[in-house]
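Let's take a walk through this one together. Have the sequence and the 3D view open, and we'll go from one spot to the next.

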Amino acid sequence: MRFRFCGDLDCPDWVLAEISTLAKISSVKMKLLCAQVLKDLLEEGIDYEKVSKLTADAKFESGDIKASIAVLSFILSSAAKHNVESESLSSELQQLGLPKEHTSGLCKSYEDKHSALQDKLREKSLRLSRLNSVSWRVDCILSSSELKEVNEPTVHLKLQAQGAESGSAETTVVSVSAEKFRVLLTELKQAQAMMNALQ
Amino acid sequence: MLLVLSEEYKEHLAFLPQVDPAVVFEFGRIAVEFLKRGINSKVYDGAARKLGFPITTVQHGVEGLMFLLTESSKLMITDIDFKDSVMVLGFSTELNEILLQLYVENQTTIRSTLTQLAPSLPSYHNLEWRLDVQLGSRSMRHQVVPVVTMLFNLTMGTSENRRCCLQTNPSTLLHLIAVLEAALASMKNNHARRILRNIK
């Protein structure tokens, strides 16, 4: 059975198993649990105290609590990943056996935070190195040991990037002469024009 | 299989018969703690003062016990062989019983600690990927070149995480997938099954 929220693949077995665990708590508590899981996915911090209070009525053990958080995280994040609308998510979850009230609660929470989730996931996507900052300085070389009157402007560029494989900040300092800098600027402007054409 | 114990080793353990069996049991417990958590030399000071022996004797005794336990756990010797090896040291039977009990109780925990000391290769932990399309470069505009970038997170043992970044085009990626699926499928052929059946 192919499910859109799993990316047109089969639903994993553990998700099927844990959906029956989710059905044990009431639909109101489930909506509050969804809200907590969404806070965790948006990296706003999850309050485990509240979660254990919500699941205390259904007498969930710690394994069940972890499983229900995991299955809700999976459903919400893969639905956002594959850009599924909330109606199709709702029908697919009901096909998997989640009761109607639980499904509607989940889909309502999903719809509210749909775009925020997608923005967060876009931010977390793989980027190799990120440019953190650029600082520059223009100097004028007056003279040197080789020639008495030089009078040449140069640009010093300091680029601070976040390395891909190391994950730590890397600083590169370059000094560029005026012509080379003009070439650099023209090429970068052409690249920027190409990027703007795509927007 | 008997343990071969050197003369120097027998000297180190020579002071054990001179103390109470209860003290030997206590030393055994200290030795197991040290094997799990590392040596804490303050314990040696306290023990030496209480018993009235010099620190080096106490230290040699505990380290001797640790060596006895690790060697026997490493070689996984049976109880009878352990008793025979310890008999060489010339201790009383009561002492031998205490040492045997210590060995039997702690064998599995010591073995699991020892397995963690083996060298490990970096192993796969997590994968992030992205699909890009290169549209142009400084030298050529109007290109369409798809590129898949993958970042592997590898772990080595318990600590250091390495990150390894690879790029490939989609046809190489498909070939990679086909080769890996063939590798998985080779686990199911007769040769592999025969060997797996015979490993306990």
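This is a predicted model: local features need pLDDT of at least 70, side-chain atom pairs count only at pLDDT 80 or more; totals for chains, interfaces and linings use all residues.

Start where chain B meets chain A. How many residues does each chain bring to the contact? Chain B puts in twelve residues, and chain A puts in eleven. Together they bury an area of about 1,100 Å², and 60% of that comes from carbon and sulfur atoms.

Between chain B and chain A the count is one salt bridge. To find it, look for R138(B) and E187(A): their side chains come together at 3.3 Å, N to O. That pair makes a salt bridge because a Lys or Arg side-chain nitrogen has to be within 4 Å of a carboxyl oxygen of Asp or Glu. Across this interface there are also three residue pairs in polar contact, with both residues at pLDDT 80 or more.

Next, the open spaces. Rolling a probe the size of a water molecule over the atoms shows where empty space is left. The largest pocket has a volume of about 870 Å³. Which residues lie nearest its centre? They are S77(A), K81(A), L121(A), S125(A) and W129(B), out of 22 residues that line this pocket. Both chains take part here: α4 (62–81) and α6 (100–124) of chain A each supply at least two lining residues, and so does β1 of chain B. By class, the lining of the largest pocket holds ten nonpolar residues, along with six polar and six charged.

Then move on to the second largest pocket, with about 510 Å³ of space. Its lining has 15 residues, and the closest to the centre are A191(A), M194(A), M195(A), L135(B) and G136(B). Here α7 (178–198) of chain A and β1 of chain B each give at least two residues to the lining. The largest share, six residues, comes from α7(A). Split by class, the lining of the second largest pocket has six nonpolar, five polar and four charged residues.

How values were computed. Residues are numbered from 1 along each chain as its sequence is written. Chains are lettered from A and ligands numbered from 1 in the order in which they are written. Side-chain values use heavy atoms; hydrogens and water are left out. Contact means heavy atoms within 4.5 Å. Buried area is the accessible area (1.4 Å probe) that two parts lose on being put together, summed over both. A polar contact is a pair of N or O atoms within 3.5 Å; within protein, one must be able to donate a hydrogen and the other to accept it, and residues adjacent in sequence count only if both atoms are side-chain atoms. On a 1 Å grid over the protein atoms alone, a cavity is a set of points where a 1.4 Å probe fits but cannot get out, and a pocket is an open set with protein on both sides within 12 Å along at least five of seven lines; lining residues have an atom within 4 Å of a point. Grid points are joined across faces, edges and corners, and a volume is the space filled by probe spheres set on the points. Helices (H or I, at least four residues) and strands (E, at least two) are DSSP runs, numbered from the N terminus. Ala, Val, Leu, Ile, Met, Phe, Trp, Tyr, Cys and Pro count as nonpolar, Asp, Glu, Lys and Arg as charged, and the others, Gly among them, as polar.
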